[in-house]
Amino acid sequence: MARYSEIKIQRLSASAYRIPTDFPESDGTFEWKATTLVLVEATAADHIGIGYTYADGATAKLINDMLAEVVTGRDAMATSANWLAMIRAIRNLGRPGIASMAIAAVDSAMWDLKARILGLPLVTLFGAARDSVAVYGSGGFTSYDNEQLRKQLSGWAQQGIPRVKMKVGREPLRDVERVAAARDAIGPKVELFVDANGAYTRKQALALADRFQELGVSWFEEPVSSDDLEGLHFLRDRVPGGMEIAAGEYGYDLPYFERMLASESVDVLQADATRCAGITGFIQVAALCETRSMPLSAHCGPSLHAHPCCAARPVRHIEYFHDHVRIEHMLFDGVLTPCEGLLKPDLSRPGMGLEFKQSDAKKYEI
């Protein structure tokens, strides 16, 4: 039997790209005009693995100044050991926030690199639980007027995506009108989700849940702050039947998700591999969900989530977020397009199946 020899990581580097939105965007608690993608490229055995996160440009500096040194020279096949080495290295920086997103980008590049070295699609390396994963169209920003809202949501419905999500919470007195406009645009058969990004008080959210339910809303995301676990639990127990409470996108480590599950705050847990320390962290969250028979939904970054979500058993769907879909199509070859509301990994391409378009991205580099 041939003896395994380490395949050392030769080089790792990060770069950042700031891409203006196609229209000013806002949700219940935040406004933005650009989104920054931080890209990691890891080299070993004449292969380059890529990973990324959506974070501040400072994340790239942390990767180049610290994490690159941590992983360079280590075994490219030892993804768990490399992840643990990065977790130890950022001890004095704090786990949540930029440090976790930096690890996320590197970890995703490590998985992509490993799969490319083996000549396998990433989902095959993990072991597929399904051959495709459902998506829901996500956008409907509070900065949109009703006409723009209707056009975007109905566009997804016409593409065969059977569920869509819109933002609420910036002007609570207008939200019922906006949700009614969305329902009229998509018709009665498409599922309608709303996301308040923690903008409401508990009593506001409870009152609006009844009005939203009349319009067929089946998913109420972060009706109150995701830090208010008692408030989420309060609402989970009181919103109309058929309406699910969802939260978790701001989780960075496993204890965060465990606290949310232990407090019985959600009907569906969300996690984001670009935040929760990468694909390794996301798979850990999936295992946690499985122990509690809790469905898991991936937050944003659809191109990065497609492969792990086809492998993780508790996954229900991926957020097909307008900003990230647009950026991924601009900056990568191999980006998947939904067919009948499903993303299906391309098994003819190794790793995540993505290739970075350096020349197209150059003008956005910061």
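How many helices and how many strands are there in the protein chain? The protein chain has 13 helices and 14 strands, where helices (H or I, at least four residues) and strands (E, at least two) are DSSP runs numbered from the N terminus.

The model is predicted: local features need pLDDT of at least 70, side-chain atom pairs count only at pLDDT 80 or more, and totals for chains, interfaces and linings use all residues. Residues are numbered from 1 along each chain as its sequence is written, and side-chain values use heavy atoms, with hydrogens and water left out.

**Exercise 1. Determine whether the radius of gyration of the protein chain agrees with that of a compact globule.**

Step 1. The radius of gyration is taken over C-alpha atoms, and the globule rule is 2.2 Å times the number of residues to the power 0.38.

Step 2. Along the principal axes, the C-alpha atoms fill a box of roughly 65 × 40 × 35 Å.

Step 3. Of the 366 residues, 59% count as buried; buried means under 20% relative accessible area, exposed over 50%, and partly exposed in between (1.4 Å probe, protein chains only).

**Exercise 2. Describe the cover of strand β5 and identify the strands that pair with β5.**

Step 1. Strand β5 spans residues 163-167, and five of its five residues are buried.

Step 2. In a regular strand the side chains alternate between the two faces of the sheet.

Step 3. On one side of β5 lie R163, K165 and K167, and on the other V164 and M166; both faces are covered.

Step 4. Two strands pair if DSSP finds at least two bridges between them. Strand β4 (residues 133-139) runs parallel to β5 and is joined to β5 by three bridges; S138 has K165 as its bridge partner in β5.

Step 5. Strand β6 (residues 191-195) is also parallel to β5, with five bridges between them. Here the bridge partner of R163 is E191.

Step 6. A crossover is right-handed if, with the strands pointing away from the viewer, the path from the first strand over the helix to the second runs clockwise. Right-handed β-α-β units are made by β4, helix α5 (residues 146-158) and β5, and by β5, helix α6 (residues 172-186) and β6.

**Exercise 3. Classify the ring pair of W32 and F141, and state which parts of the chain the pair ties together.**

Step 1. Rings of Phe, Tyr and Trp (its six-membered ring) pair if their centres lie within 6.5 Å; planes under 30 degrees apart count as stacked, over 60 as edge-to-face and the rest as tilted. The structure holds 16 aromatic pairs.

Step 2. The ring centres of W32 and F141 are 5.6 Å apart and the planes stand at 90°, so this pair is edge-to-face.

Step 3. Because W32 lies in strand β2 (residues 31-44) and F141 in the loop between β4 and α5, the pair ties together parts that are 109 residues apart in sequence.

Step 4. W32 and F141 are both buried. Together with F23, F30, Y144 and F321, they form one aromatic cluster.

**Exercise 4. Locate G73 and name the residues that G73 touches.**

Step 1. The loop between α1 (58-71) and α2 (79-89) contains G73.

Step 2. G73 has 33% relative accessibility and therefore counts as partly exposed.

Step 3. Contact means heavy atoms within 4.5 Å. Not counting residues up to four places away in sequence, G73 touches K8 and I9.

Step 4. A distance of 9.8 Å separates the C-alpha atoms of G73 and L12, which are 61 residues apart along the chain.
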